[in-house]
Amino acid sequence: MSSRLNFLNEVVRSLPAGVTVQDEQGNFVLVNAAAAAQFNVPARDIVEAPSSAPFQSRELNDRRHLARRVLQSGGTRISEELIRTDHATKAYLTTHEPVLISNRKLVLSSSVDISQQKATEEELFRCAYYDELTGLPTRRVIEQHANSLIREGGYPVRFAVAFLDIDNFKHINDYYGHASGDGLLVEVARRLGLGLRVTDMLSRISGDEFLLLLNPVQSDAEVAEYIEFLLQRLKAPFFIDGSELFASASIGVSIYPDHGNSYEVLLQNADTAMYRIKNETKGAAAIFNSGMQREALARMEVEQSLRLAILDKRFCCAFQPKVDIKTQQIKGIEALVRLRNDDGVIQAPGTFIDLAVELGLIDDLTHLVLAEIMRSIDLIDDTFGTGVGISINVAAKQAGNVAFMTSFARALEDTGCPTRFIVEVTEDAFVAKTRFQAEILPILRRIGVGISIDDFGIGCSSLSALADITADEIKIDRSFIVDIHKRPRSQGILKAIESLSEALGMTVIAEGVETFEELAYLQAATRIKYAQGFYFSEPVFLEELHPGSRTISDTRKRPVGRPVQESRPAYSRANGYGR
């Protein structure tokens, strides 16, 4: 019997789980090796410690008091214990079971080390609720906090939600690298968090977007003053990895309960206000109002219509000739995209092009225009002349996109007649820090595609940049042509552009000629050979093309040289001359 007890005693002492047995006074009567290691105290010192003297270990004292309570209650207790030693702090899951052995009331406790499990849980919690880069709470945390304020807050509850988006963050990432971009986000988070009250909350909700909850707030003026203070704080330079970076943020604000009775509505309205600023000025702030909501709904309708139109291919092309102003012969045509709405009404590009660029739909639209041209190439040739040059507009944002321009150049080459095409881009594509000049232009040149500088004179022209441009054509913006016969300063600018283009070997085209007087001046006082505009022809749709026309008078059906009598709409992008 004695040997059996010794055997069982050795088994208990060797168990990997920490096992202790305590009497009614909480004294330890058995401590196995795992439990001794758990408390970092020799088992003998624990068992032989006098009941009247406290342990040096707080955890052992807590265990002594807990054993008494377990025996008094008579029920099992399971608890998590944090035990700190000189080496580390570990977590244990311990079961305390009251037992009766040899008529003695005892507490049998067994502990399992759950430190690794707890560490994993904490890591998962941090990933779910805290941003790894900035350490800020995530979207979920601020949402729960706002909902609790709405649900449980005393009356009157009034707080503000500010949606912050860093302006041009993608450019910072592209130019300085993602490491510097991450460094900037960390510094922005630090600045935004300076001076926040304990009741406020700052969250990073996605890449370059932050959400700030200000609670409580007294008035719109108080909120506006604080947000302006944040904007000014962000204007100071950031020093990241040896570089001096400048950043700004667009901020939209909504206030509970004025601008919504739920977190979702508040966030949406703050986002709407932020995008109003983003589209107008950047680096500023706006508090939501009902007018913004109406604009947002209207914009959403246009966006939905645009997406459906591209999906349904409800776009069509109109063609406006480029004309020899002396012979009236057609030099080339410009393809202008138009949208047919649900009622079949034609919409000019001013209503949808900027939105298409913003939504990333412009690339699909440009490919649709090229496909439409090639489907109708025989009719185009029959109308305007075999082999006539065809101009296609490319937005400045597209021009700097190597992936798109490479695919578009491939599509032009696949037509089998790439030399017929001219890509029209604005000056910004050349002088801005894009890859158009260095990487894309050589591709277009290799396949024989011509290059035209559109709207020349109103962009970011610089003589140093212009000297490096190898375009074939310059299109002088309409603003220099309107009433040219009675504007001496515009006449001087026109002559300068004319001389410059001749020196650089570029053809000059006057855009937007609308009156006989404008044409007469160009014929008499300049060496400009080509023009484009309503005087010669409005944009002609495919269904209006007449095979066999070779001069513009055939499509215009009006004698050349006679002053135009009817009034014409003012020249603008929205009225259909451009993209």
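Colleague: Let's start with a definition: buried means under 20% relative accessible area, exposed means over 50%, and partly exposed lies in between, using a 1.4 Å probe and protein chains only. Is Asn261 buried or exposed, and what is its relative accessible area?

Modeller: Welcome! This is a predicted model, where local features need pLDDT of at least 70 and side-chain atom pairs count only at pLDDT 80 or more, while totals for chains, interfaces and linings use all residues. Residues are numbered from 1 along each chain as its sequence is written, and side-chain values use heavy atoms, leaving out hydrogens and water. Asn261 sits in the loop between β11 (249-256) and α10, where helices (H or I, at least four residues) and strands (E, at least two) are DSSP runs numbered from the N terminus. Asn261 is exposed, and its relative accessible area is 62%.

Colleague: What separates the C-alpha atoms of Asn261 and Ile150?

Modeller: Contact means heavy atoms within 4.5 Å, and Asn261 touches Ile150 and Tyr256, not counting residues up to four places away in sequence. Asn261 and Ile150 are 111 residues apart along the chain, yet their C-alpha atoms are separated by 7.9 Å.

Colleague: At what angle do α10 and α11 pack?

Modeller: Axes are lines fitted to C-alpha atoms, for helices over the stretch in contact, and angles run from 0 to 180 degrees between N-to-C directions. Angles of 65 to 115 degrees count as roughly perpendicular, and α10 and α11 are therefore roughly perpendicular to each other. Thr272 and Arg276 of α10 are among the contact residues, as are Met292 and Glu295 of α11. The axes of α10 (residues 263-280) and α11 (residues 290-312) lie 10 Å apart, at an angle of about 75°.

Colleague: Which strands stand at the edges of the open sheet of 5 strands?

Modeller: Two strands pair if DSSP finds at least two bridges between them. The sheet has the order β7-β8-β6-β11-β12, with mixed pairing. Each edge strand has a single partner, so one side of each is left without a neighbour in the sheet; these strands are β7 (201-206) and β12 (285-287).

Colleague: Which residues touch the most other members of the largest nonpolar core?

Modeller: A nonpolar core is a set of buried Ala, Val, Leu, Ile, Met, Phe, Trp, Tyr and Cys residues joined through side-chain atoms within 4.5 Å. In soluble globular proteins, nonpolar side chains tend to be buried together. Of the 78 residues in the largest core here, the ones touching the most other members are Phe315, Ile373, Phe436 and Leu444.

How values were computed. Parallel < 35°, antiparallel > 145°, perpendicular 65-115°, else oblique.
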